[in-house]
Amino acid sequence: MFFHLYTEKARRVIFFARYEASQFGSPYIETEHILLGLLREDKAITNRILRARFSVESIRRQVEDRTLIREKISTSVDLPVSNECKRVLGYAAEEAERMRQQHIGTEHLLLGRLREKDCFAAQLLNSKGVFLDATRDQLAPQIDKGVKPAEAEVGEQGVVEIHGEMWDQDYIETQVGALGRFVWRRRDWEPDDILVEEATGRISFDLANPNESGFRIVKGGWLRDLCQVCEWELNATGGLEHSIGYTNGRDWVCVECYEKFLKKNAPRSEL
Ligand SMILES: [Zn+2]
């Protein structure tokens, strides 16, 4: 794959797609994982093309319903893309060319997926009334004007910005609502120790029996957590924005989400 031709956003879609595939325990990155990656990464395109029709959560559930959930695969394993997926990426490149764009962006990935008519992601999109020709028309005018779709949505109602990305406000409010019952404390993010099952590579955070046979302890082996609201990555190596967060001792939220959404619920004594 020619990732140097991809925009930063499109690369992140592929990164998230790989993450989704590993979460589903899929041996390949499939088209539906790219769809989920796109939903995660590009809220503006999601909102503009897809919002009226269905929520991110409903799509995720449909993918889950269809997927045989296997054991999660370590995100460090480099999963190959399925053949169907390769065609989608090829179509995305063609769409970029057709629009005379130098880089392959998220909008081209969306169109590429719609061109692979028989894939699950395209069926999902079609079932919600999202079709190739209309979507091309919707995306084209902004691309012609040189406005990136991602920037076109700023200021629209029902949308909130986190780390420069647009998110659906209802979705964020639902996420935040569930987190209000926890006490959040500012902490440096540090890697957790994990137990790794020798034979399978599967991971456990339960260190109650660290010498259990067949397992080895890996100090600092867990290298990232994701913000519970916006999925911003917390890690020890990505600089300040990534290395400080708020935690309830189990889950993490990023500083921006804490300050925007959770701080107002905290008692005065904590501020
Ligand atoms: Zn966040």
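Over how many bridges do strand E4 and E6 pair in the antiparallel sense? Strand E4 (residues 192-197) and E6 are joined in the antiparallel sense over five bridges; two strands count as paired if DSSP finds at least two bridges between them. The structure is a predicted model, in which local features need pLDDT of at least 70 and side-chain atom pairs count only at pLDDT 80 or more, whereas totals for chains, interfaces and linings use all residues. Residues are numbered from 1 along each chain as its sequence is written.

The chain has a mean pLDDT of 82, and 85% of its residues reach 70 or more; pLDDT is the predictor's confidence in each residue, from 0 to 100. Over residues 144-155 the pLDDT is below 50, and this stretch has 19 contacts in the model beyond near neighbours in sequence. A contact requires that the C-beta atoms of two residues, placed from the backbone, lie within 7 Å. Among contacts in the chain with a separation of 6 or more, 65% are between residues 24 or more positions apart. Of the 271 residues, 32% count as buried. A residue is buried if 20 or more other C-beta atoms, placed from the backbone, lie within 10 Å of its own, exposed if 12 or fewer do, and partly exposed in between.

The secondary structure comprises 11 helices and 10 strands. Helices (H or I, at least four residues) and strands (E, at least two) are DSSP runs numbered from the N terminus. E4 and E6 belong to an open sheet of three strands in the order E5-E4-E6, with antiparallel pairing. Its edge strands, each pairing on one side only, are strand E5 (203-204) and strand E6 (215-222). Glutamate 197 has phenylalanine 215 in E6 as its bridge partner.

Another open sheet of three strands has the order E3-E9-E10, and its pairing is antiparallel. Strand E3 (185-188) and E10 are the edge strands, each pairing on one side only. From one strand to the next, the twist averages 45°. E9 and E10 pair in the antiparallel sense over three bridges, and threonine 247 stands opposite tryptophan 252 in E10. H11 packs on this sheet, touching E9 and E10, and its direction makes about 85° with that of E10. Axes are lines fitted to C-alpha atoms, for helices over the stretch in contact, and angles run from 0 to 180 degrees between N-to-C directions.

In helix H11 (residues 255-262), the buried residues are Cys257, Tyr258 and Phe261. They lie on the same side of H11 because they cover an arc of only 105° around the axis, the arc being that of the directions from the helix axis to the C-beta atoms. These buried residues of H11 pack against strand E1 (159-162), helix H9 (169-179), strand E9 (244-247) and strand E10 (252-254).

Helix H1 (residues 8-23) has 16 residues and should span 22 Å at 1.5 Å a residue, which agrees with the 22 Å between its end C-alpha atoms; the expected span is 1.5 Å times one less than the number of residues. Buried positions in H1 include Val13, Ile14, Phe16 and Tyr19. The buried residues of H1 pack against helix H2 (31-41) and helix H6 (106-115).

Arginine 100 has a positive phi of about 55° although it is not a glycine. Arginine 100 lies in the loop between helix H5 (83-98) and H6, and is exposed, with 8 other C-beta atoms within 10 Å.
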